[in-house]
Amino acid sequence: MHASFIFLTILIFCINDGLTIDCSKSSAKWCRNKRIARICGITEQCKNSVWKKQNQNDKVNFTLYYETLCPDCRQFMTTELWKTYKTIPGIVNITIVPYGNARETYEPKTDLYQFVCQHGPNECLGNLIHTCVLNYYPTIDQYMPFVYCTESTAGDVQTVAIQCAQQSKIDFNKIDACTKSKLGNQLQHIYAAQTDSLQPPHKYVPWITVNDKHTEIMQHEAEKDLIKLICKSYKGSNPPAECKKYL
Ligand SMILES: *[C@@H]1O[C@H](CO)[C@@H](O)[C@H](O)[C@H]1NC(C)=O
Ligand SMILES: *[C@@H]1O[C@H](CO)[C@@H](O)[C@H](O)[C@H]1NC(C)=O
């Protein structure tokens with residue numbers, strides 16, 4: 001054996017704090033770090049299994065267009081969307097857009113938008129509360145527990161929001177101030193513009209897109225089994241175990 005190789009090996013063991021590695025016995029530990037994998041000669045195998053990360057860019061873009069008080073939206077969000085978020089978060093990039101079938105008009109005098117909602121002023125308030133929560137708590141783990149809570153709880157919109165905020169680490173004072181501000185009004189307008197620019201235009205709510213595409217078939221599949229639709233749409237190289245039964 002070449003002297004420098006022996007030296008290198010000794011050096012590696014020293015770096016590993018004198019840890020000795022029996023490659024034939026402790027297979028579970030082989031991929032623990034790059035040095036051990038190299039010593040055991042299985043770097044390639046580790047790269048193809050344990051070290052393989054799901055690529056962020058492979059995530060399926062899923063967008064839900066909804067309004068807060070529509071029964072079918074509530075149903076979809078508290079079942080299919082919630083299960084998907086809980087089960088396969090690593091392969092889906094969920095975006096929610098609270099506006100739905102609302103209408104807006106611009107008032108030059110006040111420089112504000114006026115909204116009219118399908119289920120009345122309470123729904124406009126609910127949409128605005130969600131809009132403000134999405135602004136201040138933009139990551140899905142921050143906003144989704146609140147969204148789930150409000151969509152699964154019947155009752156006065158403001159009262160339910162206060163209760164759900166408490167349970168979801170959301171500062172309701174901040175949200176309440178936002179709903180009464182010009183900022184909230186402008187943020188709601190952005191969701192209105194996003195909804196109104198859909199191609200094809202939405203005909204009902206909930207309305208879904210997968211990687212910015214909408215078809216009746218996709219919509220039907222999403223409502224029936226969203227996990228299945230996302231798994232089948234995922235083009236990444238390492239689908240999670242939860243997808244295996246669909247592939
Ligand atoms: C997730 O979706 C948002 C909104 O469409 C987009 O801005 C963002 O780049 C997406 N992230 C990934 C990882 O695809
Ligand atoms: C998701 O959206 C992001 C941002 O628009 C884009 O970069 C990415 O390629 C999209 N992912 C897929 C799978 O289309």
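Student: I'll start with a pair of atoms: how far is a polar side-chain atom of Asn211 from an oxygen atom of ligand 2?

Tutor: They lie 3.4 Å apart. The general idea is a polar contact: a pair of N or O atoms within 3.5 Å; within protein, one must be able to donate a hydrogen and the other to accept it, and residues adjacent in sequence count only if both atoms are side-chain atoms. Asn61 takes part too, with a side-chain N or O atom 2.4 Å from an oxygen atom of ligand 2.

Student: Before we go on, what am I looking at?

Tutor: A predicted model: local features need pLDDT of at least 70 and side-chain atom pairs count only at pLDDT 80 or more, while totals for chains, interfaces and linings use all residues. Residues are numbered from 1 along each chain as its sequence is written, chains are lettered from A and ligands numbered from 1 in the order in which they are written, and side-chain values use heavy atoms, with hydrogens and water left out.

Student: Back to the ligand, then. Which residues surround ligand 2?

Tutor: A residue counts as near a molecule if one of its heavy atoms lies within 4 Å of it. Here that gives Asn57, Lys59, Asn61 and Asn211. As for cover, ligand 2 on its own has 370 Å² of accessible area, and the protein covers 39% of it. Accessible areas come from the Shrake-Rupley method with a 1.4 Å probe; for residues, only the protein chains shown count as cover.

Student: How does that shell split by class?

Tutor: Ala, Val, Leu, Ile, Met, Phe, Trp, Tyr, Cys and Pro count as nonpolar, Asp, Glu, Lys and Arg as charged, and the others, Gly among them, as polar. Around ligand 2 there are 3 polar residues, 1 charged residue and no nonpolar ones.

Student: What surrounds ligand 1?

Tutor: Gln56, Asn61, Asn93 and Thr95. The side chain of Asn93 puts an N or O atom 2.4 Å from an oxygen atom of ligand 1, and for Asn61 the distance to an oxygen atom of ligand 1 is 3.3 Å. Taken alone, ligand 1 exposes 360 Å², of which the protein buries 42%. Its shell has 4 polar residues, with no nonpolar and no charged ones.

Student: Let's zoom out. How many helices and strands does the protein chain have?

Tutor: Both are DSSP runs, numbered from the N terminus: helices are H or I with at least four residues, strands are E with at least two. This chain has 11 helices and 5 strands.

Student: What share of the residues is buried?

Tutor: Buried means under 20% relative accessible area, exposed over 50%, and partly exposed in between (1.4 Å probe, protein chains only). Of the 247 residues, 40% count as buried.

Student: And how many residues are in the largest nonpolar core?

Tutor: A nonpolar core is a set of buried Ala, Val, Leu, Ile, Met, Phe, Trp, Tyr and Cys residues joined through side-chain atoms within 4.5 Å. The largest has 59 residues, and Phe62, Leu64, Leu81, Ile96 and Ile208 have the most contacts inside it. Another core, of 5 residues, lies apart from it, and includes Ile21, Cys31, Cys40 and Ile42.

Student: What does Ile208 touch, leaving out residues up to four places away in sequence?

Tutor: Contact means heavy atoms within 4.5 Å. The partners of Ile208 include Phe62, Leu64, Phe76, Met218 and Leu229.

Student: Is Asn127 buried or exposed?

Tutor: Asn127 is buried, at a relative accessible area of 1%. It sits in helix H5 (residues 121-136). Beyond its neighbours within four places in sequence, Asn127 is in contact with Glu67, Thr68, Pro98, Tyr99, Cys117 and Gln188.

Student: Now the backbone. Which peptide bonds are cis?

Tutor: Gln199 to Pro200 is cis, with omega near -5 degrees. Val205 to Pro206 is cis as well, with omega near -5 degrees. Pro200 is in the loop between helix H9 (182-196) and strand S5 (207-210), and Pro206 lies in the loop between H9 and S5 too.

Student: Where is phi positive in a residue other than glycine?

Tutor: Lys169 has phi near 55 degrees, in the loop between helix H7 (157-167) and helix H8 (172-179). Lys169 is exposed, at 77% relative accessible area. Asp212 has phi near 70 degrees, and is found in the loop between S5 and helix H10 (216-224). Asp212 counts as exposed, at 63%.
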